[in-house]
Amino acid sequence: MAALPRRGFLALGGAAAAASWLPGRAFAAIPTGVKLHGLSAFGDLKYPPDFPHFDYVNVDAPKGGIFNFGPSQWVFNQNPYTFNTLNSFVPKGDAPPRMEMCFDSLMTGAQDEPDSIYGLLAESVTISADRNMFEFALRPQARWHDGSPLTAEDAAYTFTLFKDQGHPDLSLPLREMTQAVAADTGTLRLTFSGKQSERTILDVATFPILSKAYFAIAPFDSSRMKAPLGSGPYKVGLVRPGQTIEFERVVDYWGRGLPVNKGQFHFDKLRIEFYGDRQAAFEAFKKGEVHFREEATSRVWATGYDFPALTAGKVVKREFPSEKRPLMYATAMNQRRERFRDMRVRRAIALCFDFEWTNKSLFYGLYDRSQSNFERSEFKATGVPSPDELTLLEPLRDKLAPEVFGEVYALPPSDGSGRDRKLLRASQKLMADAGWKRSGQFFQNAAGETFRLEILADDEGLVRIYGPWAENLKAIGFDASIRLVESAQHQARQASFDFDMIAMAVLFSPTPTREGMDGIFHSRSANLQGSRNLSGTADPAIDMLVEAIDRVKNRQELTTVLRSLDRVLRARMDWIPSWYPANHRVAFWDMFGFDETKPDYGFAMEALWWFDRDKAAKIGKG
């Protein structure tokens, strides 16, 4: 998936007016001028300054063993199918997942809290009286893997570098940063313009810190297959470009005794094998070459887990609860291409996807229908707008679809036949209303142009799912096709917006920030290559709602803003909601220990699980 994670001029006045009901600023509850051990979106921290460790870790877990796994989530420019660079922080190239584990950040989050961060490299943070400057006191014992000190100069260099040249997930939140300076070797000051979100710092403080000395002589681009100097709990070991990477635990890691790190990072090695497709990866798992797998193909989950190692009890197949975080599984239509800019066209395309048939015939009934951009969360809009939602939406009534003000827009269910004539007729009518008339086999506009539509995919499993959709589209007049490309080309075309339609899954923060929404929905990211705004959404009304996130003072108000945003996005159909899983479906060789109760906001097996020698010996993996 993508975790994941800006302003239009016309949105400024509207945002201020429509958000006037939000009295006060939540972050203002956090005191200024005093050293703080943590920060929270709404001022509440679970852990006190002297906490020994997070509650969900096992501080007595043994160290050792290898965890060979297939990552199910990744960030920045990472690619789970191949890699051609070890720089994970630039817009281009394909980096291996988990490179971020080689680097420390100023602060880090707790997986049992939705919106808090605590000091890692930073011993404390002090907020200035105007709340535009943040002073971080760095721990003097912080070290790079070569033993040299990690200083405030490294941190200041990093933030300036990310703002100017970093991946959009890093550069966008730093847009309003005006200065990053080292007051001395142990003191970093980050200063913002005053236009930033009050919660910007919650994202920025978790960015990885890079070595100034290393990048002073190495280019900051995607050309390097040499691992940058790191400071985190792991460092890069074995590398076979495009095939294998190993991360080795740093035994003398400087931060191993910190409260935010205790009880984590148990495996001596983390190993990721890269396969060209999911079936090849599954075969490797069955043979024991891979130890942990989260299953993303419903057909395989329903029918494929009957191999000898599982029937012999050597492999465990089970489900774990999903995180309490908003989830978006959807297909983007590229509005940088004029033919997708009409909302009626986007709805027509969406009506041709028969979820009910797909779930029954291809998914074995294992998925739920996605309607929202924020599934599995309280941010999903329901029913008619509440009075508070209407306060935000009414000033924009003339810019919004009428459906925004009634029952929330939802794609209608099909009859499950795979070719629901009622829905296909509705789709044809929408196309006619949008000026596309059937001429022979295909829709054409007044200029005689045929409506061509190509769905980009990087996996045979997606082709199998999209095939019936494409057939429905062709049946009513679209010149529809599917293009299967290898993973690196898929990533490059996604980053440069070279597609008609493309799928993406996003796991949002449990407390979404404006920065997180900016990179997917705001107009300022629409033409920023490498951003997650794959649909090219650039709408002043959406900009206003995204920026209203800045003004909330509690979770209830955040919920109101995001439900309003969800209503607008669903009516516009920039993203076609598709399907989502209720839980994590995983299988693993029975050689690991873990606490049965997982934290609510994370599923980091590679950091929290451990190698169980007794279990491994019983299945011949000792």
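**Notebook: a buried glutamine, a helix and some strands**

I started with glutamine 494, which is buried, with a relative accessible area of 15%. My cut-offs: buried is under 20% relative accessible area, exposed is over 50% and partly exposed is in between, with a 1.4 Å probe and protein chains only. This is a predicted model, so I kept to pLDDT of at least 70 for local features and 80 or more for side-chain atom pairs, while totals for chains, interfaces and linings use all residues. Residues are numbered from 1 along each chain as its sequence is written, and side-chain values use heavy atoms, with hydrogens and water left out.

Glutamine 494 is found in helix α14 (residues 487–495). Helices (H or I, at least four residues) and strands (E, at least two) are DSSP runs, numbered from the N terminus. I looked up what glutamine 494 touches: leaving out residues up to four places away in sequence, I got Phe499, Ile502, Arg532 and Leu534. Contact here is heavy atoms within 4.5 Å.

**Helix α12**

Next I went to α12, residues 421–433. Its 13 residues reach 18 Å from first C-alpha to last, close to the 18 Å expected at 1.5 Å a residue; the expected span is 1.5 Å times one less than the number of residues. Which residues of α12 are buried? I noted Leu423, Leu424, Ser427, Leu430 and Met431. Down the axis of α12 they fall within an arc of 115 degrees, so they line one face of the helix. That arc is taken from the directions from the helix axis to the C-beta atoms. On the other side of α12, Arg421, Lys422, Arg425 and Lys429 are exposed. The buried residues of α12 pack against α9 (343–351), β17 (442–444) and α13 (460–476).

At the start of α12, a side-chain oxygen of aspartate 420 comes to within 2.9 Å of the backbone nitrogen of lysine 422. After α12 comes glycine 435, with a positive phi near 95 degrees.

Then I turned to the strands, where a pair needs at least two bridges found by DSSP. β5 (residues 122–127) and β6 (residues 133–138) pair in the antiparallel sense over 5 bridges, and valine 125 stands opposite phenylalanine 136 in β6. Their hairpin has 5 residues between the strands, and arginine 131 there takes a positive phi near 65 degrees. β6 also pairs with β8 (residues 187–192), antiparallel over 5 bridges. Methionine 133 has threonine 191 in β8 as its bridge partner.

Notes. A polar contact is a pair of N or O atoms within 3.5 Å; within protein, one must be able to donate a hydrogen and the other to accept it, and residues adjacent in sequence count only if both atoms are side-chain atoms.
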